[in-house]
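User: Could you walk me through how some helices pack in this protein? I'm new to this, so please go step by step.

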Amino acid sequence: LKYFCINSVTIVLGVCKMQILSEPTPVINSHHIETRILRPRAWEDWFEDTHRHNGRCWHIIDIIKLCVLLAVWIYITIVLVSCSTESKVTKTVVTAMPEEIVLSKVTLSHDYLRITLRGPIDVHLTTYPQRAKSFGAGVRVEYRDSSLSVVYRRTDMWNIALNPKAKYNKVTKFFKITAPKVKDIQAVVSVEGKGDEPVGLLMEMEARTMSDMLVLYAGLLIILLYLVIITGVIDRTLVALLISAISIATLSILKDRPNLITIVSFINFETLMLLFGHMAIVDLMATSGVFDYLVVLAYRVSMGRPWPLVFFLSMLTAFLSAFLNSDNIALVLTPVTIRLCETTALQTEAVLIVMAIYGNLGGALTPLGNPTNAIVSNHPVAVANGVNFVNYTARMLPGVFVSMLVVFPLLYLMLRKDMLRPEQRQQDVMNQRAQKMMPLDEDVLARINLRMEKQPRKWWLKPGANYYETLERLKDRYPIRDKPLLIKCCITLVFAYLCLILHSIHGVADGATLGWVILLAAFLLIILDNKSHLDGTLAIIQWTILLFIASLFILTETVARLGLFRWVGEKAALALSMAISHNQSKVVIMVLIWVTAALSILIDNLVITNFMLTFCFEVTERNDLPVQPMIWAITFGSCFGSNGSLLAAWSNEIIAWTARKSGYKIRFCRFFIIGFPIMLVTLFICSAYLMIDQAITLALNPV
């Protein structure tokens, strides 16, 4: 029996081993994985190239960086381990009876009290009370005596507009009230019924600490984030995670530490779901070979002529970036574009810079085109103000379309001399490949001769040098590798965009939000692909980008708790009060466009967009300004501002890093010289477009 058991186990293990070894290993695009693992850091490349010859200097910098990171870790650890105090939220249900006042006692350890109400609330009319005809309840904070009969101090009334047909909505307001220098006092929240019928509301009360010093701390955290990311000495994702932890530690010192559930609620998972789904879909599409095929198709349509080829490559990049995310498209198109440039003797660096510019322009068109667009369009305030796939695309289309048409002639004027002058390194590669190139088959040569005989004699239809031979070689090297998979990808995309269009119709597919639709589309494609392993799909997800964005969400909310955006909103409201009322929205639009673009030159536009968006909503709420034009302004500023610098967008850095791996360096200065004028021109175009749009809107809907 003993030997029988041993032999049986041995046989079973042997069969399992044979099955594992015989099972096909999932095919993973090694280029994609390597590109995602090796972080695209153009500034870091320059820094290392500059200082690598000085080993001592580089070693000292490395030691300083290590010491600083250890000091930050020790600070975060000590604070989070020793300070476990969390902010206490008092919840109570109040029933506002007509013409009656309900008092709820509250303990105020600070001068600020945040009140959150949940119930059948009309959020829009509560935010803009001057548009409401009546209110259902009024809320204020008061200091009374212990018997609650004498009022010593009270805040202004917060009028709540109700809508019995509304869903379970939430509104929040901060109240500032200083305790009077009187003994035996009690802080209360007064809820007064103003409607004809009673209404029940869930009220959450939380005492908060706010001061100018806390605003200074919050500003220092953001400046620290900017400076460290600009220098590029430390990985930006690690920097964002550490500074987010520092901000939570700061709240812990102030006895306002949020719990883990609250921290998770800071993250907008709709945005992360959207980006995750897009990454999975685009990688599976790349496996089918469709992107390489489209680049070859651009060469075929242009007939190998240099500038028509650059034009069609630019339009292809813009179109794909608009619907499949510019970062992903930069990743899949750059390698084959480099090979095409080496084949056609176009200067690789110049072509890639043009691609990066048009990727940023096209990415502004839809909510799916750029990570910044995903952050903007998925924000709860934007969704509440009617931002959806169709109206987003329709509003962005005129500005994007005109900018794309104007930019190409400018690029031609700037690059007409350099585009046809490949650098020495590229010429050497071209000569080596020409020597190793195998002769074409007789059948292929016969097809080439037949096409040349049928070629029209018109001069404007004359193909480029070695067009037919090059086309046959490209078609042989870059075919559609998996047609069934391509059909499945098309089915998935049709499902996704059909759901997004239906969601834009009021009352139809209300649950088909951007994040869920793209995630469900990714699930559908993975199921149709029918692979036994998900390792390949999960390996190509850009987890660093997702972590970076998640940490930005946390940092933004913690900085908001410190009162920075509230303070900035007050100052902006004071400044706007000096402008004529009908010009306030135009002033804010111009500020959002140009400030977002200017800051994007120095730092990643993801960081800028996240903070500018919160500032935008604070200003619009305080000044009763329309939200949608501000959203278009931020999108134009972040996307078009990405052309001002190599560091402004992830797609720029992905292209630069992929080119560097192939031996080509896209230098920061050259990208700036070409991209910055393009940024200025496109910003003037979209500024004029938004001003015209705002004027038409005011003319059609006068206040």
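User: At what angle do the axes of helix H26 and helix H27 cross, and are the two helices roughly parallel or antiparallel?
Analyst: Keep in mind that this is a predicted model. The axes of H26 (residues 605-623) and H27 (residues 628-641) come within 10 Å and cross at roughly 160°. Angles over 145 degrees count as roughly antiparallel, so H26 and H27 are roughly antiparallel.

User: Which residues in H27 does H26 meet?
Analyst: On the H26 side, the residues include Met-612, Leu-613 and Phe-617. By class, this contact has 7 nonpolar, 4 polar and no charged residues. The partners in H27 are Met-630, Ile-631, Ile-634 and Ser-638.

User: What about H25 and H29: how are they oriented to each other?
Analyst: Helix H25 covers residues 584-602 and helix H29 covers residues 668-700. Their axes are 10 Å apart, at an angle of about 165°. That's past the cut-off of 145 degrees, so H25 and H29 are roughly antiparallel.

User: How many charged residues does the contact of H25 with H29 have?
Analyst: H25 brings residues including Lys-586, Ile-589 and Trp-594, while H29 brings Phe-672, Leu-683 and Gln-694, among others. Sorted by class, the contact has 15 nonpolar and 3 polar residues, and the number of charged ones is 1.

User: Zooming out, what share of the residues in the protein is buried?
Analyst: The protein has 29 helices and 9 strands. Buried here means under 20% relative accessible area. Of the 703 residues, the buried share is 49%.

Methods:
Residues numbered from 1 in each chain as written. Predicted model: local features only at pLDDT ≥ 70, side-chain atom pairs only at ≥ 80, totals over all residues. Heavy atoms only, no water. Helix = DSSP H or I, 4+ residues; strand = E, 2+ residues; numbered from the N terminus. Buried < 20%, exposed > 50% of the residue type's maximum accessible area, 1.4 Å probe, protein only. Axes fitted to C-alpha atoms, helices over the stretch in contact; angles between N-to-C directions. Parallel < 35°, antiparallel > 145°, perpendicular 65-115°, else oblique. Contact = heavy atoms within 4.5 Å. Nonpolar A, V, L, I, M, F, W, Y, C, P; charged D, E, K, R; others polar.
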